[in-house]
Amino acid sequence: MILYILCFILLLVGLYGVLTKKDLIKIILSLSIMGYAANLFLILFAYKNDAIFPILSESAVQEAMVDPLPQALVLTSIVIELGITAMLVALAVRLYQKYKTFDITKIRSLSG
Amino acid sequence: MILPYFIIIPLLAAFLITLFSREKDYWSITVSTIASATMLVLSIVCFITLKGETFIYNLSGWKIPFTICLVRDSLSCFMIVIIQLISFTSLLFSVNYIRHISSSWKYYSLFMFLVAGMNGVVSTGDIFNLFVFMEIALFAAYALVSYGGKAFEFEAAFKYAVIGSISSTLILVGIGITYSATSSLTLAHIAQVLPQKPDILVWVGVLFLVGFGIKAAIMPFHAWLPDAHSSAPAPISSMLSGVLIKALGIYVLIRLFFNVFGAPPVFMNIFMVLGAASIIIASFLAIGQWDMKRLLAYSSISQIGFILLALGISTKLAILGAVFHIFNHAIFKSLLFYNAGSIEMAIGTRDLREMGNLKSVLPVTYSTSLIGTLSVSGLPPFNGFFSKLIIIVACVQAGYITYATIAIIGSLLTLAYFLKVQRYAFHGDKLFDVSEKSIGGGMKFAMLFLALLCVVTGVLLIPALRQSMLDPIVDTIFNKTEYIKLVLGSL
């Protein structure tokens, strides 16, 4: 249980960072932290104490195995997050070229 | 077997465009138009030949618990028809409009990814596969919003991407909890197990409601929409407002909360409250706008509110109204965004205060936008009138007089802010030395085609047509447990 609570705190840390930080790069880092927390959640759901890796072999038939499906999901979601992070960094670079700053309080041509 | 082609064709087109394009954009225009037209014809065939049945396509030859499946039922076919219709007209509109910004193949390639992602979302029967397709569509959308390369477009795209990533993370956590409770990712299996565990259903429901609510831009989660939809190029605005918020937001909410969770009453009440709030607050915000596309974006939030309110009432009549309003909103909101785009291309501004008397110089834009305006504000005999009437009558029949009043006030406010557009943009005494020749034939055709649809789609409510077109969709949504039987039964 303590693991789930710590993982939830990690998610909240990421969310706090996204909502309060003023720097574009710090916002991107906070989003990554949120993503890691979500991935960790998926891995924790599949985890079992004293279980082995889910590869069938002669010697391993008797023992408990962890669920491999969430691990496959996490791999997919890591790839998606990599893409999104690259996209966000590219946008941040272009924003810096246009506004000469990473500070979101100075980047506000849209409002209302 | 027809369903995988809606994912294969756009992905293949995007690949071919990327592979063979030179500096000119003729190849990319040809490939994407052919792909889009083919899919439009296929989608209509797909919808007409369905006759209320459900087909399953198992990917990679495994049986259902071990595979990802595509589900072809009336609701997904209906959404596919809308997506192809709007994407085809958007492509025709893009040909001239995008050359204004830059003639590059990248636009058409990203556009095809957007279509592939949305087709995947509405046709899949697997919740994690839905997440992956949703990310494909969103990724293309982030890039397309910033396509113009101006400072405010990057700002809007960054905001959209940050808020979109937060909601995707919440959805991923929701999928994790669902999997841990049901040991399955197939929607039909989840629908069998999850309603028996009400405490987990509340957790998952809240996570999905917030996650997909952000995608659908319902009222407390709408902050990204006015920026993103007003900054994007006009054909992309119409794709985002016309179909993206419905395919990723409303469709998934319908599929999850009706077919999978079995329409729990507590969430139906939340739907109604959020829908009513969206209608009123977004209408008032729209009245104050001077940027034409921003006004249209706020209007989208308000119309999404109508759909959500009708879904929350969840009687048969209300769901008919919601389904019909999804279709109508896609048509007239895309039309109005095309109008805004052609005005922006002709005189170079989106600010209503700098326009005036455009009816004499842009006659096609003027006449089509008049039809769009009358349709969105719900005046007979245009299609918007019928769907709003059905929603209001359904409110009264179900005994929600307050919500019916809110819907009527929202409809009147819609008329008010669209009359503002008509008054400032098309009437007045400014003189512009432009002619409609600068607007290409594809743009005119797209506008006229959608205006024609605005006039004629009211006939879908004639009982004979309604029974064959709209009623199967309503039945799919309304018969909550039927989905499980249909999907798992047709193995």
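**A tour of chains A and B**

Begin by selecting K388(B) and F306(B): the charged end of K388(B) lies over the ring of F306(B), 4.8 Å from its centre. A charge sits over a ring if NZ of Lys or CZ of Arg is within 6 Å of the ring centre and within 35 degrees of the ring normal. The model is predicted, so local features need pLDDT of at least 70 and side-chain atom pairs count only at pLDDT 80 or more, while totals for chains, interfaces and linings use all residues. Residues are numbered from 1 along each chain as its sequence is written, chains are lettered from A and ligands numbered from 1 in the order in which they are written, and side-chain values use heavy atoms, with hydrogens and water left out.

Next, select R423(B) and Y424(B). The charged end of R423(B) sits over the ring of Y424(B), at 5.4 Å from the ring centre.

Turn now to the aromatic pairs. Over all chains, the structure holds 25 of them. Select Y107(B) and Y108(B), an edge-to-face pair with 5.2 Å centre to centre and 85° between the planes. Rings of Phe, Tyr and Trp (its six-membered ring) pair if their centres lie within 6.5 Å; planes under 30 degrees apart count as stacked, over 60 as edge-to-face and the rest as tilted. Both Y107(B) and Y108(B) are buried (under 20% relative accessible area; exposed is over 50%, partly exposed in between, with a 1.4 Å probe and protein chains only).

Move to F385(B) and F386(B). Their ring centres are 5.3 Å apart and their planes meet at 70°, so this pair is edge-to-face. F385(B) is partly exposed, because its relative accessibility is 22%; F386(B), at 24%, is partly exposed. Then select F208(B), F212(B), F257(B), F261(B), F267(B) and F271(B), which ring pairs link into a cluster.

Select V95(B), in helix α3 (residues 74-101) of chain B. Helices (H or I, at least four residues) and strands (E, at least two) are DSSP runs, numbered from the N terminus. V95(B) is buried, with 18% relative accessible area. Leaving aside neighbours within four places in sequence, V95(B) is in contact (heavy atoms within 4.5 Å) with I29(B) and Y108(B).

Finish with chain A, which has 3 helices and 0 strands. Its C-alpha trace spans about 65 × 25 × 20 Å along its principal axes.
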